[in-house]
Amino acid sequence: MDNSRYYDNPFEDYPNANSSRVINDDKKQINEEYKETLHTHTKRLLDRLEEKKNHWTYNDDYSIYTGSAGIAYMFYHYGKCFNEPIYIDKAIELLRVCVSKYRGKREITFLTGIVGPLTMSAVIFHSQGNQEESRNMISEIKSLSSYVLNDRNNLANELLYGRAGYLFSLLFLNSNISPPPIEDELIKQVVTLIIKCGNMYSTSKKYETPLMYAWHETEYIGAAHGLAGILYLLLQARQYLTEAQLKEDIQPALQFLQNLRYPSGNFPSSSISHTDKLVHWCHGAPGMPMLFCLAYEIYQDDQYLKTAIQCGEVIWSRGLLKKGYGICHGVAGNAYTFLCLFQQTKDMKHLYRACRFADWCMDYGVHQTRSPDRPFSLLEGLAGTIYFLIDMQNPLSAKFPAYTV
């Protein structure tokens with residue numbers, strides 16, 4: 001176990017004499033006073049981000065992951081949650097630039113490709129009654145399906161750069177636009193191909209799981225590049241899966257994934273990793289609770305919920321990362337575990353723990369050994385921390401951005 005990557009957790013665990021300062025046990029929610037503190041710090045950090053606009057618009061990164069489209073995503077979230085239309089206008093302004101200047105037309109995922117800015121534009125235009133522009137964006141997204149569905153083009157299947165990332169966009173559109181604009185048949189074709197690719201790779205390597213995948217010749221396990229992220233997207237698309245796929249493909253793969261845990265409860269980053277060191281969303285335990293909570297809901301197997309809760313213990317112990325406050329590999333992303341567990345169990349311990357990690361994030365910049373490559377971005381930097389603090393103010397509705405539909 002590598003303890004050089006995180007700070008020792010200085011917070012007293014729940015329950016304790018001071019927990020009532022942040023949560024109300026009787027009402028099963030955050031105290032109004034603490035919610036006001038969250039809002040004050042959210043606005044302070046948002047102002048700080050906007051003051052640095054020249055630092056995050058100078059480059060040619062228009063992605064959700066590390067570019068200006070991700071900041072637009074956060075602006076939209078803020079404007080919608082707090083009824084401040086000016087931030088939705090800011091999001092549209094940014095997204096228009098992103099869509100017009102994106103060059104990588106074969107980058108087909110929500111997080112790293114043109115599909116992300118198109119998807120967010122379609123959703124926002126629809127919400128504002130601009131149906132024609134929304135339909136145009138959706139048509140562009142659908143036009144990429146021929147590339148996604150070509151099983152001879154070496155396209156990966158993972159979330160960040162592969163088919164699962166395209167699937168997220170389709171599910172996100174149908175979840176946020178009514179009537180749903182993406183046909184069932186297209187989604188079924190995408191999930192069927194993802195499963196087929198996993199079957200073929202697993203068989204070729206003689207794995208004891210019906211589904212396995214590789215990205216850049218490495219069999220990753222986690223949310224961003226690996227098996228966990230793919231399974232989570234497939235389960236979120238469960239209405240498009242057959243009973244056989246749920247029972248014969250995904251359920252055994254979940255069991256296989258569970259069996260890879262270290263004794264600590266953490267997960268390896270890949271099939272060949274034997275070092276229990278990474279505790280962040282992209283590699284390690286924080287990418288797992290959302291998957292296993294959803295698996296528990298679908299399969300009603302208590303072992304899945306126990307796995308998710310065990311991940312929470314790992315993150316409470318080792319999740320205050322020296323790497324920073326980001327979502328992909330930082331404290332904000334780790335804190336979504338506690339929000340997920342609170343939503344699933346209604347146990348106030350998890351909401352309390354989320355508040356303590358939020359305290360850490362409100363001290364943005366104090367506990368950090370190095371700055372991320374894109375310090376203002378959604379998945380690596382300040383925009384993501386702001387997004388998390390927005391979600392903290394309505395914890396039962398919180399969703400990990402670009403991962404939970």
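User: Why does Thr-307 count as buried?

Analyst: Buried means under 20% relative accessible area, exposed over 50% and partly exposed in between, with a 1.4 Å probe and protein chains only. Thr-307 has 0% relative accessibility, so Thr-307 counts as buried. A word on the background: this is a predicted model, where local features need pLDDT of at least 70 and side-chain atom pairs count only at pLDDT 80 or more, while totals for chains, interfaces and linings use all residues. Residues are numbered from 1 along each chain as its sequence is written, and side-chain values use heavy atoms, with hydrogens and water left out.

User: Where is Thr-307, and what does Thr-307 touch?

Analyst: Thr-307 is in helix α13, residues 302-318. Helices (H or I, at least four residues) and strands (E, at least two) are DSSP runs, numbered from the N terminus. Contact means heavy atoms within 4.5 Å. Not counting residues up to four places away in sequence, Thr-307 touches Gln-258, Arg-261, Phe-267 and Phe-292.

User: What makes Trp-316 and Phe-338 an edge-to-face pair?

Analyst: Rings of Phe, Tyr and Trp (its six-membered ring) pair if their centres lie within 6.5 Å; planes under 30 degrees apart count as stacked, over 60 as edge-to-face and the rest as tilted. The centres of Trp-316 and Phe-338 are 6.2 Å apart and their planes stand at 75°, so the pair is edge-to-face. Trp-316 belongs to helix α13 and Phe-338 to helix α14 (residues 331-345), 22 residues apart, and the pair links these distant parts of the chain. Both Trp-316 and Phe-338 are buried.

User: How many aromatic pairs are there by this rule, and which kind do Tyr-232 and Tyr-403 form?

Analyst: The count comes to 29 aromatic pairs. Tyr-232 and Tyr-403 form a tilted pair, with 4.6 Å centre to centre and 50° between the planes. Tyr-232 lies in helix α10 and Tyr-403 in the segment after α16 (382-392), so the pair ties together parts that are 171 residues apart in sequence. Tyr-232 is buried, with a relative accessible area of 4%, and Tyr-403 counts as buried at 0%. Ring pairs also link Tyr-232 and Tyr-403 into a cluster with Trp-281, Tyr-336, Phe-388 and Phe-400.

User: How do you know that α16 is mostly covered?

Analyst: In α16, 11 of its 11 residues are buried. Among them are Leu-382, Thr-385, Phe-388 and Met-392. The buried residues of α16 pack against β2 (29-30), α1, α3 (68-81), α14 and α15.

User: Why is α8 called roughly parallel to α10?

Analyst: Axes are lines fitted to C-alpha atoms, for helices over the stretch in contact, and angles run from 0 to 180 degrees between N-to-C directions. Angles under 35 degrees count as roughly parallel, over 145 as roughly antiparallel, 65 to 115 as roughly perpendicular and the rest as oblique. Helix α8 (residues 163-176) and helix α10 (residues 227-236) pack at about 30°, with their axes 10 Å apart. That makes α8 roughly parallel to α10. In this contact, Ala-164, Leu-167, Phe-168 and Leu-171 of α8 meet Ile-230, Leu-233, Leu-234 and Gln-236 of α10.

User: Which way does α8 cross α10?

Analyst: A crossing is left-handed if the near helix is turned anticlockwise from the far one by less than a right angle, and right-handed if clockwise. α8 passes α10 in a left-handed crossing.
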